[in-house]
Structure formats: C-alpha cells, structure tokens
Amino acid sequence: MRVARVGFIGAGAFISAHHLLTVRDSDIMEIRCISDINTETLKKHASKMEIGYTTTDYTKVLNDPAVDIVIIGTKQDQHAKLIIESLNAGKWVFCEKPMAETEEEADLVLDAERSNPGKLSIGFNRRFAPAYAETKRLMCGIKRPWFVNYRLMYPNPSKQAKSSFYSQQARILYEGSHILDLVCWLLDAAPKRVFMTGDPLVNNCCILDYADGSQVSFMCGSMGSYCHWKEYMEVFGYYNAITVSDFVDMRVRGFAGEYDRLYPSYLNEHTEEILKFGFDFYETYKVSQMISGKDALKQNYGMEIEEVRRPLPHNFDVNQYSHVNTDAYDFIPDKGWVQSLEHFAECFLNGTDPRNADGKAGALSTKIALDLLRSLETGNPVEL
C-alpha cells in the first residue's frame, strides 16, 4: 500500500510527543527524515524508531524528492519562512501554529500557497477534537446568533521564565490563535470587531463580535491551578446549550433525542475508566499524577497541589491506577492531534482537498490576534 513519506523540520518536545508518534504508528505514513539543530535529539529519535535518516540541515528535507509532506515544528519565528520554502519545494506542508507573526508574513505565505500545487495545513487540531466536531454537527441547524464562552486558563511558569523563548511572546498569538481559529470555524465566519483587556503578554479577556449577532467571550491566560482542568467551552443558541469540559465531558441540552457524551483521553490512557466513572475519574486521576511532585512545585513556584475531593465519595479508588502507556507523556485529553494529521495524509494520498485549517485560516487567526493586541494598546475595539 502506498504511504505518505514525511519529513520533519524541528523535533522538539511537542512534535516528539505527538506528530512523530502519529506518523510512526500510522498505516498510511512513514518517517522519511528528521531535521533538527540538536544532534542529541536526533540520536534519541534514531535509537527509538525507524527513520530513513536524520540531519541538521533542513534544506536536505526540502530537496529530498522522496519527501511528500513536510511537518514544521520549529519556534514560531521560523514558521512563515519555512512554510514558503517548503511549498516552493513542491511539498504538502503541515505547520504548527501560529502560521505567521505579522500580517506581512501571512500575506507572503498566502502568495506561496496560491502559486504552488502543495496543500498547506496549520496545526489547529481542535477542529478535529471529537467533542468539538460533534458540537459543530449539533449546532449547525440552530439559528443564529450564538453566544460562545471559552476558557483557556492554565499556569505556564516555565514559559514565563526569563530564559524561555516565550517569555516575550504574546500568549494570545502563540496559544490563543488555537481558539481564535476554533470559534471562526465553529461559526463559519470571521468577526467584524474585536476587543481585549489584560496585559500585553500573558493574561487576557477578549470579545469577538460577529455580523449575525453572535458573540464570543474568550479568557486566555496563565492564571489558575494545575489542579483545575485547562479548557472549557460553552455554546448557547435559542433554547439549546452545549458545554465541553477539557474535551472529555460533553453535556448536551435542548436537542431532541441527544444526550451527554464522554470522550477518550489521548492515546486511550485509562479511557475505560473515563467511560465507566465519568469526568470525576478524569479530573481526580489527572491531579493524582502531580502529587509526587507537589513539594518541588511548592518550592519552585509556590504552587499548592492537593488531591481532588468531591462532596460525595468516588466509586473508584484513584490510587489503584497508574501510568500505563509509555508513549503518553502525561494524562491528557484527545484534542484531535492524530485525527488532523491522519486526515491530511489521507487527502495527500487520495488527491483531495483537506478539511484542515489552510493558509487563509492561519492568516485570519494571526490577524485577529494582532488586532486584539492593537485593541489592548488603544483601549478601543478594532474593526477587522
């Protein structure tokens, strides 16, 4: 069977934990090559999985006629440049977010996308998260306007450290762009006006105003506790409501014949227990995995880690369960990483147009993030 041959440019922590594993385990993809500036990273991967070759020179990936798809996982300041070079080399390209850091970079990427045959996908995997795909399916017949509330709030002390690349990067761009794309995909529209408060780098509250009257409120930041789940979405229509807690617990109200759902974790780590015991198990077990490191978190960050205790006793003993899948670096939800990349590869092999976020979507999320930052600077809403 024909497979898509994948070349990686950048193979750091995120790529190693997700896309490398997806390609390694796929029936329709294989790892042709990996490029990274860190030779130890390359040695580590070569010792653990079947790879055609490794290199510190990314141009070898671009010039390799056997590479069908390039996956870009470098720091964001290199994304636009590498997308353009990869498209110009005749490749299909899957790049992590954000696509670009400026509107000028985004325009150059769009020019390259238009003038080359290869398809471009930006890694907005939440479009493929099972709970969110189901939310869109259910809401598609509900009249507008909709009101959407999204919380993406989780402490990232390592990213805010002075030594971190991200310490001087705006979170609304490097992480918030995920949700800016998600709500535009969900509503099939771009906002007409945006407004943001907070600080320039980390913690923000945003309002996105749509032409049909729909409204999105988006809280994005690094506040809160490791003991609380990171993401929460609420979608309201007239007499309809859907909530999704961390991609796992979906509650459906006001839809005839439709009921609540539970969704598996990433790589199916303890999925059986989630489906049996519900979100309580997901939350309780997730926090239990942090208990062993609570002293270090207290010492380094002043962070308290306490086990989850609900008002009523659990019908499970969380201490009976331990880490099972060594490929899962942590107990995390299924945010659509595998599905988005598998779909992109399937479309390459079939010669069809992918449903992934393309350059236009990548440019839109960048523009919205930059306009939100302009709004913060001026204290006024910004018209798109």
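Helices α7 and α10 are roughly parallel to each other, a term that covers angles under 35 degrees. Their axes come within 10 Å and cross at roughly 30 degrees, with α7 spanning residues 130–139 and α10 residues 176–187. Axes here are lines fitted to C-alpha atoms, for helices over the stretch in contact, and angles run from 0 to 180 degrees between N-to-C directions. On the α7 side the contact is made by Y132, A133, T135 and K136, and on the α10 side by L182, W185 and L186; contact means heavy atoms within 4.5 Å. By class, this contact has five nonpolar, one polar and one charged residues. Ala, Val, Leu, Ile, Met, Phe, Trp, Tyr, Cys and Pro count as nonpolar, Asp, Glu, Lys and Arg as charged, and the others, Gly among them, as polar.

The model is predicted: local features need pLDDT of at least 70 and side-chain atom pairs pLDDT 80 or more, while totals for chains, interfaces and linings use all residues. Residues are numbered from 1 along each chain as its sequence is written, and side-chain values use heavy atoms, without hydrogens and water.

Next comes the sheet. Nine strands form an open sheet with mixed pairing, in the order β14-β13-β12-β11-β7-β10-β9-β8-β15. Helices (H or I, at least four residues) and strands (E, at least two) are DSSP runs numbered from the N terminus, and two strands pair if DSSP finds at least two bridges between them. β14 (261–262) and β15 (382–383) stand at the edges with a single partner strand each, so one side of each has no neighbour in the sheet. β15 pairs with β8 (residues 193–198) in the antiparallel sense over two bridges, and V382 of β15 is the bridge partner of V194. Helix α15 (residues 359–378) lies across β8, β9 (204–209) and β15, at about 60 degrees to β8.

On a 1 Å grid over the protein atoms alone, a cavity is a set of points where a 1.4 Å probe fits but cannot get out, a pocket is an open set with protein on both sides within 12 Å along at least five of seven lines, and lining residues have an atom within 4 Å of a point. The whole structure has one cavity of 30 Å³ or more, lined by Q160, Y166, S167, Q169, Y174, L201 and V202. The second largest pocket holds about 350 Å³ of space; a volume is the space filled by probe spheres set on the points, which are joined across faces, edges and corners. Of its 15 lining residues, S16, L21, K44, H45 and K48 are the closest to its centre.

Notes. Parallel < 35°, antiparallel > 145°, perpendicular 65-115°, else oblique.
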